[in-house]
Amino acid sequence: MTRIVLAVYFAIVTGFLLLPLIFLVPISLTDSQFLEFPPTSLSLRWYREFFTDQSWLDATLVSLKIGIGATILSLLFGTLAAIALVRADFRAKGVLTALFIAPLIIPSVVLALALYIVFLRWRLVNNIYALTLAHALIAMPYVVMIVAGSLRRFDMTIERAARILGAGPARAFVHTALPFLTPAMFASAILAFFASFDELIITLFISGGLQTLPVRIWNDLSLKLDPTVPAVAVMLTLVSIIGMSIGEIVRRRNELRYQTHSVPEA
Amino acid sequence: MLAAVLFVYPVFGVLTLTVHDGTSFTAEPVRQIYTSQLSIIVLQRTFVTAATVTAICLVMGYPMAYFMAGLAPRKRVMATYLILLPFWISILIRTYTWIILLGREGVLNKALSALGLTGEPIQLLYTPVAVHVGMVQILLPIVVLTCLTSILDVERDLVKAARSLGATPRQAFWKVVFPLSVSGAATGGIICFILCLGFYVTPTLLGGRTSILIANLIDLQVHKTLKWDLAAVMASALLLATFACLLFYWGLTRKRSEFATGGLAR
């Protein structure tokens, strides 16, 4: 009895959570000038609109550039940080770990204000490279957490074997631990990319005139309810769901693969 | 290094701005906040909203998690993905959907009038209710997943023991599962509360002028009234509140892990 009530409850709340997905898709397919649900006639008009409007394309390009740059930077620095945090043995490790995760936890408006003040002083507002750096900063916690988590599960005996067989520390790491880490790095790169792609508040503060895709949507929302936005939203959602799923599948498969090969713990 | 330059330095800069006006130390900005009616109201509103949203999330989320904990592992993974799906959609887009759903000409109002329940469209958008709905939709998955982890952590054998000693399922839940999982749920609540404090997009788009939160006020002071020192004080207050919650969180998790290993050692 209780189970049935709970199941019904679960279905209702999940429906509430999925509401945006349920409504956005039909609304984006309308043929009319206005947002309407249910749409009276279906068309891909607003999707076409997106691909023919230069300002939407420009915003997407800016977002892509920043996203790719931020992903590369955060992957590089984040992986190095993760290795240091897991392998090295030093006093301030706890503090340092907290520091790397912090941009994820502290309210982004605080970070936005802080960066804005500093970037103004350094004349870095309205600079795409500075914006990329800021995005790398907020994307890095994902890389640090996922790569560090994966590295902790790595069976050190393999690396030790490589060392015994004559490899230097760097070479042993690159040939044993790094292949093991690659899927985690890949998964975290996807997360990092979308963290950058979604970032709005910090971008609003420090971008100056630069428009990323979320800023473009944001600017549109304050003016009118443009039917292009649902179409953009649906495309973005599809891309991120596909991207995240691929990352997750790769990560899981790797874990299973190494599980079967590693020696069972005593 | 990246973290140090781009994170510690700017954030520290904001903190010093509250007590230092560039040439000398001053308590003026802090005093202004204390005497400003608006800041006090907004601060209060932010904390009340955060507390309410957290409470709603916990009350809604715990039964969800309890249901999921009772599922077979395969089904549980599926349910988890269902809960996580909206989590992968950008906050901006999820908030945007609520504009379409709750607006005067929105889906909900149309449905209500079509059913003959309302004559006039009711004002849903730009009210505190809309802000709460939007925030709960965004944060609920986090709370459900933390509750799920803490319920799964409860030793199954304890429930079996309670049942064999004559407890009804209801008693077993309230005397065993609930007390042992409630502190884990509370940690999920703290995370939710911290995230609530920094919300910017949802109150701006769904709340209108009368329900702005602290993040919006910081934005206003930076971009409209140009009172940077006030913005810095508010940001510091936000940061301190976050740290206070984090300390509380660490205390809670530490106590819990001690309890799990010490009190329930097998």
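**A helix pair, a salt bridge and an interface**

In this predicted model, helix α2 (residues 45-52) of chain A packs against helix α3 (residues 54-87) of chain A at an angle of about 70 degrees, and their axes lie 5 Å apart. Here axes are lines fitted to C-alpha atoms, for helices over the stretch in contact, and angles run from 0 to 180 degrees between N-to-C directions. That angle makes α2(A) roughly perpendicular to α3(A), since angles under 35 degrees count as roughly parallel, over 145 as roughly antiparallel, 65 to 115 as roughly perpendicular and the rest as oblique. Phe50(A), Phe51(A) and Thr52(A) in α2(A) meet Gln54(A), Trp56(A), Leu57(A) and Thr60(A) in α3(A), where contact means heavy atoms within 4.5 Å. Of the residues in this contact, four are nonpolar, three are polar and none is charged (Ala, Val, Leu, Ile, Met, Phe, Trp, Tyr, Cys and Pro count as nonpolar, Asp, Glu, Lys and Arg as charged, and the others, Gly among them, as polar).

Residues are numbered from 1 along each chain as its sequence is written, and chains are lettered from A and ligands numbered from 1 in the order in which they are written. Local features need pLDDT of at least 70, side-chain atom pairs count only at pLDDT 80 or more, totals for chains, interfaces and linings use all residues, and side-chain values use heavy atoms, with hydrogens and water left out.

Chain A as a whole has 11 helices and zero strands, helices (H or I, at least four residues) and strands (E, at least two) being DSSP runs numbered from the N terminus. In the loop between α2 and α3 of chain A sits Asp53(A), which forms a salt bridge with Arg216(A), the closest N and O atoms being 3.8 Å apart. A salt bridge is a side-chain nitrogen of Lys or Arg within 4 Å of a carboxyl oxygen of Asp or Glu. Arg216(A) belongs to helix α10 (residues 213-223) of chain A, so that the pair links distant parts of the chain, 163 residues apart.

Turning to the interface, 65 residues of chain B are in contact with 65 residues of chain A. The buried area between the two chains is about 5900 Å², of which carbon and sulfur atoms give 85%; buried area is the accessible area (1.4 Å probe) that two parts lose on being put together, summed over both.
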